[in-house]
Amino acid sequence: MMLLVSRFRFVLPLVGGLLAWCGSLPAAEPAGGEPNIGPLERTFEQRVKPFLDTYCRSCHGSTKPQGELDLTPLGSADSVAEDHKRWELVLDRLRAGDMPPEDAKKQPPQDHRREVMAWIEAARADVGERTAGDPGPVPVRRLSNAEYNYTIRDLTGVDLAPTKDFPVDPANEAGFDNSAESLSTSPALVKKYLDAARKVADHLALTADGFVFSPHPVIAETDRDKFSVNRIVAFYRRQPTDFADYFLAAWKYKTRVRRGQPEATLDGLAAEARISAKYLATVWGVLSEPAEPVGPIAALQALWNGIPDDADPAAAKSVCDQMRSFITDLRPKLVEKVENLKSPKMQNGSQPLVLWKNERMAANHTRYAPGSALKLEKSSLPEGSAAAKAMEVPSSEEDEPKYEATFERFCEVFPAAFYISERGRVFQNEESRGRLLSAGFHNQQGYFRDDGPLCRLLLDDAQNRELDRLWHEFDLIADTQQRQYRAFIWYERAESGFIRDEVFDSFRSEDKDSVTEKRIRDLETVYLAKAVEAGAKETARTAITDYFDAMNRKIRGIEAVRIGSEPKHVAALVAFAEKAYRRPLAAAERESVAAFYRTLRDKEGLRHEDAIRDGLVSLLMSPNFLFRLGSSDSSLEKTTADKSVPLDDFELANRLSYFLWASMPDEELLAPAAAGELHQPEILAAQVDRMLKSPKVRGMAVEFAGNWLDFRRFEEHNAVDRGRFPTFDNDLRQAMFEEPVRFFTDLATQDGSILDALYGDHTFVNKPLAKHYGMPFPDGAADDSWVRVDHAGEYGRGGLLPMSVFLTKNAPGLRTSPVKRGYWVAKRLLGEHIPAPPPDVPELPADESKAERSLREALAQHREIASCASCHQRFDSLGLVFEGYGPVGERRSVDLGGRPVDAHALFPDGGDGNGLAGLTQYIRDRRQQDFVENVNRKLLTYALGRSLQLSDEKLLREMRENLQKHDFRFSAIVQTIVASPQFRHRRAPADPALSSQ
């Protein structure tokens with residue numbers, strides 16, 4: 001369906017309007033609070049400023065500052081509030097003892113250094129106390145690429161990832177891409193959003209009551225077929241049709257008292273086994289009723305009753321499997337064969353004839369073919385068993401009717417097929433395979449529903465309604481009836497030749513009016529007349545009239561539904577807008593959505609479906625969808641000075657959901673927001689607990705943990721030499737990425753201790769990763785399934801530190817890198833601020849196998865360089881402990897050059913250790929608080945969507961205290977953040993007009 005060029009007059013203004021709206025957003029406001037000009041100011045002038053002038057500004061002045069650190073702005077005590085990040089860096093360097101550097105001409109006395117450090121800490125604390133709770137500058141911002149993808153997923157129900165080809169979002173100073181500091185909006189990006197919105201709209205399919213979304217575009221007819229067919233087939237495949245499962249559940253009910261479950265019910269056991277309670281009741285009735293003397297039901301009863309009283313479930317299952325095999329072997333032999341319906345001059349593949357045959361074959365799924373039981377050969381049942389004897393054909397003709405009667409009930413209860421999901425060309429008597437839901441027409445489109453036994457025996461009322469809806473939506477979405485009828489006309493003209501006579505010249509499949517009731521009836525008249533003239537018998541004549549009646553009825557029905565559904569589609573578009581905007585719509589907004597649709601229909605002449613798609617595009621291009629947190633400047637409370645105001649409940653719901661899920665709020669979160677109750681502490685806390693247990697917390701695992709720990713884009717990692725490491729394929733790379741995601745998701749949903757990230761003795765693996773780690777993988781588990789592995793330390797794993805994703809990413813490809821691995825531990829886990837290396841750093845050997853010395857020896861020489869030593873002493877040892885893991889995280893005892901690995905290390909602030917155990921003990925003894933503090937700061941930065949400021953220090957103290965009180969449980973940090981003024985408020989900017997009054 002090509003889009004009309006004139007439609008762009010309505011869609012393209014969205015781009016300009018969106019950019020104009022972006023330009024009106026409030027700018028980030030500086031942190032408030034007047035500086036204290038008492039003792040702190042005097043100390044600054046007397047002691048701190050001379051220190052900076054004497055020891056720092058010669059290298060860090062405004063002209064070519066070393067390390068790009070210009071200390072010129074730090075000219076007064078006021079600068080602590082205005083430039084706290086720069087002061088924090090100065091404090092960090094002073095604490096580390098590498099400022100001034102060792103080779104500097106002047107070195108300050110230690111007491112002067114300590115005095116300056118104390119002043120910075122006091123000044124920061126002073127500003128922090130005066131501004132505590134300030135929500136800070138959090139202006140309206142666009143959704144990040146990841147947030148956009150997750151939101152589209154939750155809006156549509158399918159994971160379309162429309163931003164996968166967008167430019168990568170830049171990160172803020174803390175490494176996160178969810179802040180207004182980094183998320184700009186350009187004309188080029190807005191056009192990409194327009195393309196993305198159109199692609200999403202291409203996935204929309206109209207139903208009787210609204211619309212749904214397909215995993216793939218559904219513009220072409222074949223794509224509509226694929227979507228609808230896959231939905232129905234997926235429904236079929238979800239249904240439990242394995243007879244053995246029902247026999248075992250029935251046995252469990254029979255033995256419930258002996259097994260210590262006297263209260264067990266059939267419905268409860270069905271739910272436990274995930275089978276149909278309806279069909280289990282039927283099977284139970286057949287197996288538990290008074291024993292039949294002969295026949296297949298008697299054989300089943302004999303097998304089932306023969307399960308020993310003391311049998312365990314495994315032994316019982318073995319017998320149940322045997323019972324299933326008995327049915328599946330016997331049942332095809334009892335089905336009556338349906339011959340092709342033939343009629344003179346008509347092809348066997350003609351639709352009326354094939355559909356006649358399909359109907360009869362479908363009816364035979366639960367019918368017994370008379371006489372077939374008397375022709376059975378010896379059964380596969382154990383010879384001499386009660387079951388085998390029950391199947392013996394009577395020797396007397398008088399007993400044959402009673403014997404056959406038992407097969408009739410057997411066939412009713414145990415169908416030859418619950419449903420047929422695929423067919424070949426039925427008129428050629430091929431096996432029922434090849435084309436999903438096909439009617440079996442030769443070279444024609446057409447579908448046939450064949451699931452009667454499933455609907456009657458297994459499905460409850462709700463499931464039957466769902467399946468009926470799926471089939472009805474198939475007809476509506478794919479227009480199957482019209483297409484099938486047009487295919488009939490084409491086939492009868494082109495392949496069959498049955499309607500090539502002159503009387504049929506006016507009937508052509510491409511004619512628009514060919515599917516009107518008049519034209520269908522006209523063709524029926526001449527078609528039937530020719531069939532009768534050719535000698536068609538009564539059965540064929542009935543099949544022909546039934547076919548035309550059914551086609552006309554179904555086509556008229558779909559037409560009526562389609563016309564009646566148009567207002568419902570517009571209403572669904574309005575409902576979609578409310579969901580997309582993540583808040584209730586004002587009356588004017590609701591009318592605007594409907595008005596835009598009417599304009600597209602009335603003025604642009606678009607078809608209904610195209611107008612709905614364009615309406616969807618307009619909603620996805622609205623700032624109300626693309627931007628989050630708050631409203632534009634015009635809707636904020638007007639004040640004479642910056643003021644902290646509470647978020648309304650819908651803003652709070654959005655902030656919470658994008659924090660914990662990186663996506664939009666669900667209905668359960670929006671309900672208390674709509675009631676005006678979400679801000680209540682107990683309700684807010686309950687929602688946090690619920691949301692942390694949701695699988696959607698995976699969004700935070702990927703976006704927070706992935707960016708914090710720097711593995712977010714590992715799925716694209718291509719630094720590994722696959723020739724040297726052939727086991728590193730795409731599946732293993734994906735598994736490496738997934739491991740920390742699974743770990744963090746489990747940590748959040750199970751409310752684990754954040755210290756498990758360091759000391760945990762468990763991890764999560766799938767089959768490729770288990771093989772890489774040398775771990776056993778459970779027998780019978782699917783290759784793509786994931787399992788938790790406890791006591792992972794036995795395999796050198798457990799917690800974050802030895803995960804292959806980090807070891808591989810922090811290795812150059814043909815060797816390990818203690819530098820990168822140690823730097824990752826120091827910066828990402830422990831939160832150290834380490835400056836970038838100088839440009840003239842000597843290169844380490846690129847290929848470990850060709851190096852003359854070990855990396856340990858090369859690094860030792862590297863540290864002899866004065867400009868390198870101060871930094872490398874802080875993290876080299878943290879990386880050397882991983883030398884027992886190779887370039888792709890594999891365990892090893894020798895390096896690639898054949899040298900024995902040495903994982904012993906002397907740690908930065910004293911002590912030593914060996915390998916992973918030595919590192920974790922070092923962190924536990926000396927650096928655990930650094931890790932905890934870093935987690936707090938990173939999570940708070942991510943939650944607030946901005947860089948931290950001094951007004952957050954009090955909140956950070958509360959986070960530390962609550963963690964200690966609650967055994968470092970993850971929820972303790974989250975609850976403290978969500979309850980804070982910073983999270984629940986926003987800063988309303990001052991109104992210049994009010995300020996001047």
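## Briefing: cores, helices and a strand pair

The largest nonpolar core holds 103 residues, and F659, L660, M700, L829 and F931 have the most contacts inside it. Helix α37 (residues 915-944) gives this core its largest share, 12 residues. A nonpolar core here is a set of buried Ala, Val, Leu, Ile, Met, Phe, Trp, Tyr and Cys residues joined through side-chain atoms within 4.5 Å. Buried means under 20% relative accessible area, exposed over 50%, and partly exposed in between (1.4 Å probe, protein chains only).

This is a predicted model: local features need pLDDT of at least 70, side-chain atom pairs count only at pLDDT 80 or more, and totals for chains, interfaces and linings use all residues. Residues are numbered from 1 along each chain as its sequence is written, and side-chain values use heavy atoms, with hydrogens and water left out.

**Whole chain**

- The protein chain has 41 helices and 12 strands. Helices (H or I, at least four residues) and strands (E, at least two) are DSSP runs, numbered from the N terminus.
- Of the 997 residues in the protein chain, 53% are buried.
- The accessible surface of the protein chain is about 44,800 Å², and 50% of it belongs to carbon and sulfur atoms. Accessible areas come from the Shrake-Rupley method with a 1.4 Å probe; for residues, only the protein chains shown count as cover.
- Contact means heavy atoms within 4.5 Å. Among contacts in the protein chain between residues at least 6 apart in sequence, 70% join residues at least 24 apart.

- F931 is in contact with W708, I754, L755, A757, L758, L829 and L830, leaving aside neighbours within four places in sequence.
- Another core lies apart from the largest one. This other core has 68 residues, including I232, A249, C320 and F418.
- In soluble globular proteins, nonpolar side chains tend to be buried together.

**Helix α22 (residues 538-581)**

- The 44 residues of α22 should span 64 Å at 1.5 Å a residue, and the end C-alpha atoms are 62 Å apart, which agrees. The expected span is 1.5 Å times one less than the number of residues.
- A kink of about 40° lies at E566, shortly before the proline P567. The bend at a residue is the angle between axes fitted to the seven residues ending there and the seven starting there.
- R582 follows α22 and has a positive phi, near 65°.

**Helix α10 (residues 243-254)**

- α10 has 12 residues and reaches 17 Å from its first C-alpha to its last, close to the expected 16 Å.
- Nine of the 12 residues are buried, and α10 is mostly covered.
- The buried residues are F243, A244, Y246, F247, L248, A249, A250, W251 and Y253.
- These buried residues pack against α11 (266-273), α12 (277-288), α13 (296-305), α14 (313-330) and α18 (452-458).

**Strands β8 and β9**

- H762 and F764 point one way from β8 (residues 762-765), T763 and V765 point the other way, and all are buried.
- β8 and β9 (residues 787-790) run antiparallel and are joined by four bridges. Two strands pair if DSSP finds at least two bridges between them.
- H762 stands opposite D790 in β9.
- H762 counts as buried because its relative accessibility is 8%.
- Not counting residues up to four places away in sequence, H762 touches F743, D746, D756, R788, V789, D790, A792, G798 and G799.

**E473**

- E473 sits in helix α19 (residues 461-478).
- E473 has 7% relative accessibility, so it counts as buried.
- E473 touches T207, R231 and A478, not counting residues up to four places away in sequence.
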